[in-house]
Amino acid sequence: MFQKVISTPGFWRSVYSLGFAFSLLFVIIKWAIDGFKTEYFTSINNPWVFILGLLVGGFLYGFIVSFGKFRAKLKKDDHKN
């Protein structure tokens, strides 16, 4: 089932788009919590670790949500047939 889900057309596009949206919302919400100060972007100790964390976190979020969505869709389609 895993291989069938990840090879479904549109799966990886969904993973990347959800991951990007998650990362963008995370940064905006975290920036809002800090009061929309410009120092938020300069006070990051190691920006590479922050960016890597955003990319990994976004990818994991997108993969988990997309996998669940596409798996449910495939199961629903299998039950119809």
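A pocket here is an open set of grid points with protein on both sides within 12 Å along at least five of seven lines, and its lining residues have an atom within 4 Å of a point. Keep that in mind as we look around this predicted model.

**The pocket**

The largest pocket has a volume of about 150 Å³. Which helix gives the largest share of its lining? That's α2, with 7 residues. Both α2 and α4 supply at least two residues of the lining. Among the lining residues are Val-15, Tyr-16, Leu-54 and Phe-59. Sorted by class, the lining has 8 nonpolar and 3 polar residues, with no charged ones.

**Helix α4**

Now for α4, which runs over residues 47-80. Its 34 residues reach 49 Å from the first C-alpha to the last, close to the expected 50 Å. Buried residues in α4 include Leu-54, Gly-58, Phe-63 and Phe-70. The buried residues of this helix pack against α1 (2-6) and α2 (11-33).

**Rings in pairs**

The structure holds 14 aromatic pairs. Take Trp-12 and Tyr-16: their ring centres are 6.3 Å apart and their planes sit at 35°, so this pair counts as tilted. Both residues belong to α2, 4 residues apart, or about one turn of the helix.

| Residue | Relative accessibility | Class |
|---|---|---|
| Trp-12 | 33% | partly exposed |
| Tyr-16 | 54% | exposed |

Tyr-16 counts as exposed because its 54% is over the 50% cut-off. Ring pairs also link Trp-12 and Tyr-16 into a cluster with others, including Phe-2, Phe-11 and Phe-63.

Technical notes:
Residues numbered from 1 in each chain as written. Predicted model: local features only at pLDDT ≥ 70, side-chain atom pairs only at ≥ 80, totals over all residues. Heavy atoms only, no water. Expected span 1.5 Å × (residues − 1). Buried < 20%, exposed > 50% of the residue type's maximum accessible area, 1.4 Å probe, protein only. Contact = heavy atoms within 4.5 Å. Phe/Tyr/Trp six-rings, centres within 6.5 Å; stacked < 30°, edge-to-face > 60°. 1 Å grid on protein atoms, 1.4 Å probe; cavity = no way out; pocket = protein on both sides within 12 Å on 5 of 7 lines; lining within 4 Å. Points joined across faces, edges and corners; volume = space filled by probe spheres on them. Nonpolar A, V, L, I, M, F, W, Y, C, P; charged D, E, K, R; others polar.
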